[in-house]
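Welcome! Here is a short briefing to read alongside the sequence and the 3D view.

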Amino acid sequence: MRQELMSLPKGLADDVARNLVMVAQLIDEEPEKAYEYSRIALRLASRVAAVREAAGFAAYATQKYSEALAEFRAARRMTGSVELWPVMADCERGLGRPERALAMAGEPEVQKLDKAGQVEMRLVAAGARRDLGQLDAAIVTLQSPELASNANHPWTARLRYAYADALLAAGREDEAREWFAKALEADKDGSTDASDRLAELDGVEFVDAFDDSDDVEESDDSEDSAGSEGSDDSQESGASGDADADERESGQGGPADGDKS
């Protein structure tokens with residue numbers, strides 16, 4: 001990317017770089033903000049492939065699949081690389097065109113991908129099969145040497161997780177549990193929720209120790225109790241006041257009667 005930006009005037013290159021850095025920092029947690037920064041970078045340097053690619057990923061993260069696909073295609077035309085082929089196919093899925101995604105999975109470009117790209121393409125193809133309601137075909141699509149391997153790679157946890165999820169959708173719960181466990185074993189950075197899925201299958205329920213609703217209920221009970229006590233005190237005070245008033249009336253009546261006599 002740095003080499004591409006060097007083709008720009010220094011001040012412009014710095015502005016573009018700052019926006020691309022913000023895209024990278026925000027895309028996972030605040031994708032909408034990342035998208036805004038990507039649009040700024042795109043306005044500044046639309047002829048830079050790295051900018052088009054970043055804009056594509058920001059649009060993809062915000063589910064703007066048509067826009068993402070257009071940016072990925074532009075980046076691919078500029079670089080001639082097939083690296084973006086799997087995510088382009090997934091954009092087709094997002095646009096409701098799983099058949100097109102499957103067609104892309106059979107194109108010669110897939111053979112030019114590195115191992116990580118080929119696994120990603122397999123995941124996209126399996127997702128497209130599921131979109132079409134072809135669960136058994138999705139399961140078969142995921143079965144591969146990469147799935148069977150005991151070695152851990154960056155894609156291992158996601159591949160095992162997708163296989164477990166497909167098995168569960170097909171009603172093969174015992175096998176699904178086994179593969180969710182294998183996914184968890186490979187998931188060193190918590191990129192999946194395999195632990196939660198295992199807990200669900202085992203019937204484990206998690207209770208939030210910091211549930212605010214309990215505090216609200218306790219507060220309401222305290223207020224009700226305080227209100228009740230206040231009401232009782234008020235009633236007692238009122239009764240006491242009535243008694244004092246009766247005594248005063250009685251005392252005032254005596255001397256008056258005495259004056260009459």
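Buried residues (under 20% relative accessible area with a 1.4 Å probe, counting protein chains only; exposed is over 50% and partly exposed lies in between) make up 33% of the 261 residues in the chain. The model is predicted, with local features needing pLDDT of at least 70 and side-chain atom pairs counting only at pLDDT 80 or more, while totals for chains, interfaces and linings use all residues. Residues are numbered from 1 along each chain as its sequence is written, and side-chain values use heavy atoms, leaving out hydrogens and water.

**The whole chain**
- The chain has 14 helices and zero strands; helices are DSSP runs of H or I with at least four residues, strands are E runs of at least two, and numbering starts from the N terminus.
- Of the contacts (heavy atoms within 4.5 Å) between residues at least 6 apart in sequence, 49% join residues at least 24 apart.

**A helix pair to look at**
- Helix α8 (residues 115-131) packs with helix α11 (residues 156-169) at an angle of about 15°, their axes 11 Å apart; axes are lines fitted to C-alpha atoms over the stretch in contact, and angles run from 0 to 180 degrees between N-to-C directions.
- The two helices, α8 and α11, are therefore roughly parallel, a term for angles under 35 degrees.
- On the α8 side, V119, E120, L123 and R130 meet R158, L159, A162, D165, A166 and A169 of α11.
- These residues divide into six nonpolar, no polar and four charged.

Definitions and conventions: Parallel < 35°, antiparallel > 145°, perpendicular 65-115°, else oblique. Nonpolar A, V, L, I, M, F, W, Y, C, P; charged D, E, K, R; others polar.
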